[in-house]
Amino acid sequence: KEKLLVQQYLADPYLIGNKKFDLRIYVLVTSFDPLRIYVYNEGLVRFATQDYDTSSSSRTNLYMHLTNYSINKNSPTFVKNVDAALDDEGSKWSLQALWRYLEEQGANVEALREKISALVVKTMISVEDEMNSKYTNTFSAVQQKQPQDLGCADLLHSNSHSKCFELYGFDVILDARLTPWLLEVNVDPSLSSSSPLDKAVEPDGADTGGQAVEHDGADT
């Protein structure tokens, strides 16, 4: 049987230029025991490509109600970024561009960012026990292995100074009161650079220094 996930529709999203948008928040988890989370300072803001309308006749308009890049890139009104320095133009913005815009509107951006970080931490806490259980069952024989035979997942839960990690893509939407809501968590977020902005914003993976803020399970 096919498994389905049902979500409540957010009818009053925060709009910019009368368009819906969502936030792609990049989250790095280097350990589940103890839980260690890094939330990247930069990310993407992905816009719908048609003005938002709540009339019943618009309900099937994917370019209006969905913010997925994979959908909106096919819209005739999609505006592709051609210069990373112009990070507040087109159908994709940088996260920093959004913070600047909201500050100009008088919003408390610091409080909003704290709410998003809390959302991330609580989400990871909700799966912490299950993830630890799966790792324990899967890699219970780690101690019997020779050091040269240890894989990345083994090292993640050993006492060594592991360089292993998991990168997640949190998709978040803001309502009209600037309350963040979780849409979904992508276990394998795409890092393909379709524009100069993507290349400038998306995590490198090789160097996270100064690009992310550390959180742990005790923060929230």
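This is a predicted model: local features need pLDDT of at least 70, side-chain atom pairs count only at pLDDT 80 or more; totals for chains, interfaces and linings use all residues.
**Stop 1: the whole chain**

The elements run β-β-α-α-β-α-α-α-β-β-α-β. The chain holds 220 residues, and buried residues make up 39% of them. A search of the whole structure finds 8 salt bridges. Side chains of opposite charge can pair when their charged atoms come close. The next stops visit some of these pairs.

**Stop 2: arginine 46 and aspartate 22**

Select arginine 46 and aspartate 22, and show their side chains. They meet in a salt bridge, with 2.8 Å from N to O. This pair links distant parts of the chain. Arginine 46 sits in strand β2 (residues 35-47), while aspartate 22 sits in strand β1 (residues 21-32). The two are 24 residues apart.

Are these two residues buried or exposed? Arginine 46 has a relative accessible area of 10%, so it is buried. Aspartate 22 is at 3%, so it counts as buried too. The cut-off for buried is under 20% relative accessible area.

Together, Asp22, Arg24, Arg46 and Asp171 are linked in a network of salt bridges.

**Stop 3: aspartate 171**

Stay with aspartate 171. It lies in strand β4, which covers residues 166-174. Its relative accessibility is 4%, so aspartate 171 counts as buried. Next, select asparagine 186. A polar contact of 3.1 Å joins its side chain to that of aspartate 171.

**Stop 4: arginine 177 and aspartate 175**

Which of the two is exposed, and which is buried? Arginine 177 is at 56% relative accessibility, so it counts as exposed. Aspartate 175 is at 1%, so it counts as buried.

**Stop 5: helix α3**

Select residues 95-104, which make up helix α3. Which residues are buried here? They are Leu95, Ala97, Leu98, Trp99 and Leu102.

Now pick arginine 100 and aspartate 87. Their side chains meet in a salt bridge of 2.7 Å, N to O. Again, the pair links distant parts of the chain. Arginine 100 is in helix α3, and aspartate 87 is in the loop between α2 and β3, 13 residues apart. Arginine 100 is at 37% relative accessibility, so it counts as partly exposed. Aspartate 87 is at 11%, so it counts as buried.

**Stop 6: a negative patch**

Select Asp83, Asp88, Glu89, Glu103 and Glu104, which form a negative surface patch. Where is aspartate 88? It is in the loop between α2 (69-72) and β3 (92-94). At 39% relative accessibility, aspartate 88 counts as partly exposed.

**Stop 7: valine 127**

Finish in helix α4, residues 109-138, where valine 127 is found. Valine 127 has a relative accessible area of 28%, so it is partly exposed. Along the chain, valine 127 and phenylalanine 32 are 95 residues apart.

Conventions: Residues are numbered from 1 along each chain as its sequence is written. Side-chain values use heavy atoms; hydrogens and water are left out. Patches are made of residues with over 30% relative accessible area and no salt bridge: like charges are joined within 9 Å, nonpolar side chains (Val, Leu, Ile, Met, Phe, Trp, Tyr) within 5 Å. Accessible areas come from the Shrake-Rupley method with a 1.4 Å probe; for residues, only the protein chains shown count as cover. A salt bridge is a side-chain nitrogen of Lys or Arg within 4 Å of a carboxyl oxygen of Asp or Glu. Lys and Arg count as positive and Asp and Glu as negative; His and the chain ends are not counted. The place of a charge is taken as NZ of Lys, CZ of Arg, CG of Asp or CD of Glu. Helices (H or I, at least four residues) and strands (E, at least two) are DSSP runs, numbered from the N terminus. Buried means under 20% relative accessible area, exposed over 50%, partly exposed in between (1.4 Å probe, protein chains only). A polar contact is a pair of N or O atoms within 3.5 Å; within protein, one must be able to donate a hydrogen and the other to accept it, and residues adjacent in sequence count only if both atoms are side-chain atoms.
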